[in-house]
Every structure is written in structure tokens, then in C-alpha cells.
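Please keep the structure open as you go through the points.

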Amino acid sequence: MSDALVIGAGPNGLVAANILADHGWSVEVLEAQDTPGGAVRSDRGLHPDYVNDHCSSFYPLAAASPVIDRLDLGHEGLRWSHAPHVLAHPLPDGRCAVLDRDREVTADSLDGFAEGDGQSWREQCRTWERAGAGLLAALFAPMPPLKGPVSLGLRLRAGGALRLARRMLLPVRRLGEEEFDGEGGRLLLAGNALHADLGPEAAGSGGFGWLLAMLGQTYGFPVPVGGASALTDALVRRLERRGGSVRCGERVTEVVVAGGRAVGVRTADGESIPVRRAVLADVSAPDLYGRLVAPDHLPERVRQDLRRFQWDFATFKVDWALDGPVPWTAGKTAGAGTVHIADDVDDLTRFAAQIAMGLVPDRPFLLLGQMTTADPTRSPDGTESAWAYTHLPRDIRGDAADDGLTGTWDQSERETMADRIERRVEQYAPGFRDRIVSRRILAPTTFQAEDANLDAGAINGGTTSLHQQAVFRPVPGTGRPETPIHGLYLASASAHPGGGVHGAPGANAAHAALCAHRPVTRLLAGVHRSLAR
């Protein structure tokens, strides 16, 4: 019998398992799919000479995460690679905003939109230098975060802290207008906000866009050499060297509860697997509370709150094998690992509004990855392994274009949407489609079939909006990984601090489980469970 069972071998589950193993616990990880990794996987399924990532590709949060840093995955063979530029946002007129790890390169590109915007960018960087460490400490820490806010208060004093809080709560449109005269700086912030489900007018989108932009400025958007699976492989190797194990093809169908405590799990093939100390669930909150745990084991308040749980946007992605680099009109775009495609901030507002109305956007905002540019091992010299994804409504009520897409995502609809994405790229890179050797389409239904946590392609485990963050994540309560059931912990992106590959939800769950078995902290754990009820 293992000390701990971890449901799901995504990055959070593997981080949790590693931390428990570091503390001498015996750990078994059960993964429903045939390979570990969840959203952190890559393969050569599109073309034997090209490596393509299935979902996540760039890892600024991993680079900044103290959780990942402490695991020392370089010792397991993990290496990181960077594109010449972090990010580019080209415009139809050939201008291009560039985010580079050298702040002077970034500043110079923004001065090309409006004189003085480069100096404003330098001021953003100085604010980050004062506040960044405290913000990250607060972000990655379990609730309630203490060390980060205290250090922020000491460094910024009351006035500075209030101004920073205001910045973090602003809509990104307003933040961009306050800080930049030209479109370049505004687009760098707004495009980064839409990595999540935060449109330009959403409260908190300014803080999210600014945070991600500053992470890119400071850490870059690194990629694992050889593909996303290299990160997963390093986590698995580290766990196995410490005596843990990962069993793939083992779908858990039930968390077994007896006397108000998680005592094991049951799998799809009928096997009952007991556990000595804890079950950690790297699954979505709706999956944990709506499928794995029987309703009679949950308080009525939790069941009611889960009905109000909000997923983030759906996702549609196309992978490409290209026989040459993307022929961008704006030349600086060629050196960026990540490319944002939108005409201006108004275009982003229009895109977000169409999603809010349940319409498939007619001019989708694209996040495009040039993976060979970021890591030359991904495809042969002179070629490019690339992808682009866009967000979609979860419940589709119509098509803003004239193609009649309904959200069935049958073969015809998948091809139609992929063509729409490619035509959008062509507007910024004429001749792009001529360089396509092959493509692979991942519709919302494809993402969910490959990873149940990616419900309709929701990549953040639930909305990033303020009403479902911190003590409201996944439902109003303590914001902690403890659940109303003794020995059961939520370890996925549905828990604080949410989506992104940084390992914090897994680490927080592992530390909560460890603390629950220290006599001094058992009383506190009971208090947290009571509040969750």
C-alpha cells in the first residue's frame, strides 16, 4: 500500500508526487492516458522529421517558479532553449512590437510606435524590479500568502503598494492607454492578457498582461530542448529515482471514501487501490466533485457552488510542418518564438466580444509558435515546426463569418476553421500556405479526448477572471487544496493559483498533505476543512 496516490500525471500531479517522494513517502501516480504529461507532451505524429507539442509549448512560469527550480530538473537532463526574440506582435502595415530579454531592444521597438514609449517600458521594468519577487512569492504560495505581501509592503511602502494594486486590477485597455501613446506597448500587454480568457475590458486583465510581459522580459519564454515531453520525462525520471511509479492507461473512476476519509481509489477495470495517507487529484474541480467523489460525501454548499464554476475559453489549434520559415511581412517577426496576430486593441475587443456572444470569431486572434526558431532540434535546417491556436466560445450560438460553423467540430468544420486560421496568418505572411507540408488539427473535442482536464480545450483549469481566483478558486472558501474529505487534496490548475506550468497547485497540495501528518498542524487542517464546508 502506498502512502499517497496521485490521480493524473500532468505537471501538477508529477510535481506533487516528487515532493512527497522527497519527504520519504511511497507514491503511485495513476494516469488515464497511455503516456504521462497531460498538456505537456510532444510527438512526431504530424511528420517524422518534425517535433510538435500537443498543447503547451512556452514556459515563462516554469522559468520563474521556485517550485520547478527546487526540483533541479537539469540534473535529469532537462535543457532550455530561447528564440532570438521572446515575442513579436506584427501589424498589417509592417511595423512590429518586439519583446526581447534585452529591455533596450524592447524599448527601441516601442519607440518606433511613439517616441517616449521606450522610456515608459523601462519604467515598467523598474517597477517589476521592485515588486516582481514579492508578486511571484504571493502568486506561488498557498493561501493565505504571507511572505510575498509583507516583502512587497516593505519595498513599496503604502503609496507604492496601492498604486501597484490598482495596476493589477485595471483592464488592460486602460493600463495600455495610461502607459503608452502608441499601439505597440498596448498590444504587448493586451496580447499577453489573452493568453488567458481576459479580454481588453476585463478587470484584472491589465495585471495579468503586465505580469506575463514582465516574465517574458525577465525570463524569456523558454522551451524544453527536444519538445515539451522533455519536461515531463525529467519529472518522471526524478520521481522514479526516488522510488515512485507512474502507471499509464489507468483511469480512476472513483475516490473511495470511508468514515469521511479518502482511503483509496477505484479504476475503470474494477481494481481497488488502497492508500495509507492521502489521495491527490490532478483533475479539474468539476471532475473531482462531480464524478470521482459521490455526492453524499460532499456538503450541499460545495455541490451548489460547483454549479457556478466557470470554465475558461475553448481552444482550437493547428500544428504545421513547414518547408521553410514563415514569410512575415514585418521582418522582425521572424526571430520571435511567440507571435501574436491581431490588427490592434480594438480588434482584440471585437474578438473577445464575439466569444462573449457565443460566436466563432471571424478574425480570430492568434497565438503562433515558431518552435524551430526557439529550438533548432524541432525540425530540419531551413524548415519550421509551427502552430497557432485561438480561443472559441464553449457554447457556440453562431458563426461571425459566413461559414456556418456550429461547434459540432466534425471533419468539415475542423477543416473550415483551420482554413480560417491559415488565411489569417496569410494576411501577415503572404505565401505562408505554400510552405505547409502537413497540418494537424486539434479541435476542442480533440483536446478533451486527449486530456479530460482540457474540457472543450479549456487550458487553464477554469476562468482566470477575478471572481474565480484566490479564495474563490475553485469555489468560495479558503483557496487551499484541502477538500471537505480528510486525506483528499485538489492538485490541479482548478486550484490556486491556477493555470500555467509552474507546479504550484501540485506543490501546495503535497505540502498540505505533509502538514496534515504533522501533529501540530492537524488542528489547522481541520479548520480549513470546516471552512470548506
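1. Let me start with A470, which is partly exposed at a relative accessible area of 27%; here buried means under 20% relative accessible area, exposed over 50%, and partly exposed in between (1.4 Å probe, protein chains only). A470 lies in the loop between α16 and β20. Although A470 is not a glycine, its phi is positive, at about 55°. Helices (H or I, at least four residues) and strands (E, at least two) are DSSP runs, numbered from the N terminus.

2. A word on the ground rules. This is a predicted model, in which local features need pLDDT of at least 70 and side-chain atom pairs count only at pLDDT 80 or more, while totals for chains, interfaces and linings use all residues. Residues are numbered from 1 along each chain as its sequence is written, and side-chain values use heavy atoms, with hydrogens and water left out.

3. Two further residues of the loop between α16 and β20 deserve a look. P474 is found there, and the peptide bond leading from R473 to P474 is cis, with omega near -5°. G457 also has its place in the loop between α16 (444-450) and β20 (488-490).

4. Is G457 buried or exposed? G457 counts as buried, because its relative accessibility is 0%. Leaving aside neighbours within four places in sequence, G457 is in contact (heavy atoms within 4.5 Å) with F313, A314, T315, P444 and F447.

5. W409 is not a glycine, yet has a positive phi of about 55°. At 4% relative accessibility, W409 counts as buried.

6. Helix α15 holds E415, which counts as partly exposed because its relative accessibility is 27%. Beyond its neighbours within four places in sequence, E415 is in contact with R439 and I441. E415 and A443 are 28 residues apart in sequence, and their C-alpha atoms are 9.8 Å apart in space.

7. Which elements cover the buried residues of α13? They include α7 (172-179), α8 (183-193), β15 (359-360), β17 (384-392) and α15 (411-428). The buried residues themselves are V345, D347, L348, F351, A352, Q354 and I355. The length of α13 (residues 345-356) agrees with expectation: its twelve residues, at 1.5 Å a residue, should span 16 Å, and its end C-alpha atoms are 16 Å apart. The expected span of a helix is 1.5 Å times one less than its number of residues.

8. Helix α17 (residues 504-516) passes that check too, as its 13 residues should span 18 Å and its end C-alpha atoms are 18 Å apart. This helix is mostly covered, with eleven of its 13 residues buried. Among them are P505, G506, N508 and L514.

9. How do α4 and α5 cross? Two packed helices are described by the angle between their axes and the distance between the axes. The axes of α4 (residues 103-111) and α5 (residues 117-140) come within 7 Å and cross at roughly 145°. Such axes are lines fitted to C-alpha atoms, for helices over the stretch in contact, and angles run from 0 to 180 degrees between N-to-C directions.

10. Now the residues of that contact. R103, E104, T106, A107, D108, L110 and D111 in α4 meet D117, G118, Q119, W121, R122, C125 and E129 in α5. By class, the contact has four nonpolar, three polar and seven charged residues. Here Ala, Val, Leu, Ile, Met, Phe, Trp, Tyr, Cys and Pro count as nonpolar, Asp, Glu, Lys and Arg as charged, and the others, Gly among them, as polar.

11. Another cis peptide bond runs from M143 to P144, with omega near -5°. P144 is found in the loop between α5 and α6 (147-169).

12. Finally, the cysteines. How many disulfides (pairs of cysteine sulfur atoms within 2.5 Å) does the structure hold? The structure holds zero. C96 is in no disulfide, and the nearest cysteine sulfur, that of C125, is 17 Å away. C96 is buried, with a relative accessible area of 9%. C248 is partly exposed at 28%, and its sulfur is too far for a bond because the closest cysteine sulfur, in C55, is 17 Å away.

Note on methods. A disulfide is a pair of cysteine sulfur atoms within 2.5 Å.
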